[in-house]
Amino acid sequence: MKEHPSLLDTLGQVRYDGLACLAAIIQKPGPGVHVRVRHAQVLEGVGLEGDHHKKDWWKGKRIPEREITAISREVLDVIGASVEVPGDNLIFEGVDLRQLHEGSLIQIGSSVILKRARKLHRPCGLFAERISEEARQAVSELQLRGALFSVVRGGMIRQGDIVHTMENP
């Protein structure tokens with residue numbers, strides 16, 4: 001009988017090949033409401049225009065530097081989740097978000113620049129409810145939940161925009 005690899009093993013072997021790009025954009029007009037859009041305006045101090053005003057809050061407190069949340073498409077593919085399910089604003093392809101250190105910058109398209117937050121993006125109970133407890137545990141252990149960002153420079157982003165990562169000088 002052939003053994004199936006565990007989700008943890010499979011996630012541990014994820015490769016981020018190819019051109020780094022913005023695979024999907026998700027607006028959050030209300031709590032628990034995730035709408036895929038082809039383009040969005042990114043605003044300094046806010047995040048995506050059209051997101052609800054409490055999206056950067058957790059357990060009654062505002063989380064600084066949580067204007068934008070992101071995850072990698074490669075991770076979603078392995079855990080079997082569509083881009084709308086986890087509730088992140090941006091889905092990157094070809095970008096290992098674990099490699100971005102606090103303060104690292106990411107440029108999307110020709111104008112938007114985001115700054116990686118100090119705080120880690122951790123999978124919560126909602127992540128387990130929306131996907132699975134096994135996925136939550138594996139993503140947590142491998143620190144694959146994604147990243148939190150603040151907006152350094154706003155502008156328009158579009159699905160398919162090229163993404164460049166850089167260290168903050």
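Let's start with β9 and strand β13, residues 163-166: 4 bridges join them, and the two run antiparallel. One caution before I go on: this is a predicted model.

Look at the pairing in detail. In β13, histidine 164 is the bridge partner of glutamine 107.

β9 also has β10 as a partner. Those two pair in the antiparallel sense, over 4 bridges. Here leucine 105 stands opposite lysine 115 in β10. The β9 and β10 hairpin has 3 residues between its strands. Glycine 109 in that hairpin takes a positive phi, near 65°.

Now, the faces of β9. In a regular strand, side chains alternate between the two faces of the sheet. So which residues of β9 are buried on each side? Leu105 and Gln107 are buried on one side, and Ile106 and Ile108 on the other. Both faces of β9, residues 105-108, are covered.

Next, the open sheet. It has 3 strands, in the order β4-β3-β12, with antiparallel pairing. Why is one side of β4 and of β12 left without a neighbour in the sheet? β4, residues 47-48, and β12, residues 155-158, stand at the edges, each with a single partner strand, so one side of each has no neighbour there. Strand β3 covers residues 39-43, and it pairs with β4 over 2 bridges. Within that pairing, valine 42 has leucine 48 in β4 as its bridge partner.

Lys61, Arg118, Lys119 and Arg122 form a positive patch. Take arginine 122 from that group. Where does arginine 122 lie? Arginine 122 is in the loop between β10, residues 112-116, and α3, residues 125-130. Is arginine 122 buried or exposed? Its relative accessibility is 57%, so arginine 122 counts as exposed.

Compare alanine 147, in strand β11. Alanine 147 has 0% relative accessibility, so it counts as buried. How far is the C-alpha atom of alanine 147 from that of isoleucine 26? The separation is 15 Å, with the two residues 121 apart along the chain.

To recap: β9 pairs with β13 and with β10. Both faces of β9 are covered. And arginine 122, in the positive patch, counts as exposed.

Definitions and conventions: Residues are numbered from 1 along each chain as its sequence is written. This is a predicted model: local features need pLDDT of at least 70, side-chain atom pairs count only at pLDDT 80 or more; totals for chains, interfaces and linings use all residues. Side-chain values use heavy atoms; hydrogens and water are left out. Two strands pair if DSSP finds at least two bridges between them. Patches are made of residues with over 30% relative accessible area and no salt bridge: like charges are joined within 9 Å, nonpolar side chains (Val, Leu, Ile, Met, Phe, Trp, Tyr) within 5 Å. Accessible areas come from the Shrake-Rupley method with a 1.4 Å probe; for residues, only the protein chains shown count as cover. A salt bridge is a side-chain nitrogen of Lys or Arg within 4 Å of a carboxyl oxygen of Asp or Glu. Lys and Arg count as positive and Asp and Glu as negative; His and the chain ends are not counted. The place of a charge is taken as NZ of Lys, CZ of Arg, CG of Asp or CD of Glu. Buried means under 20% relative accessible area, exposed over 50%, partly exposed in between (1.4 Å probe, protein chains only).
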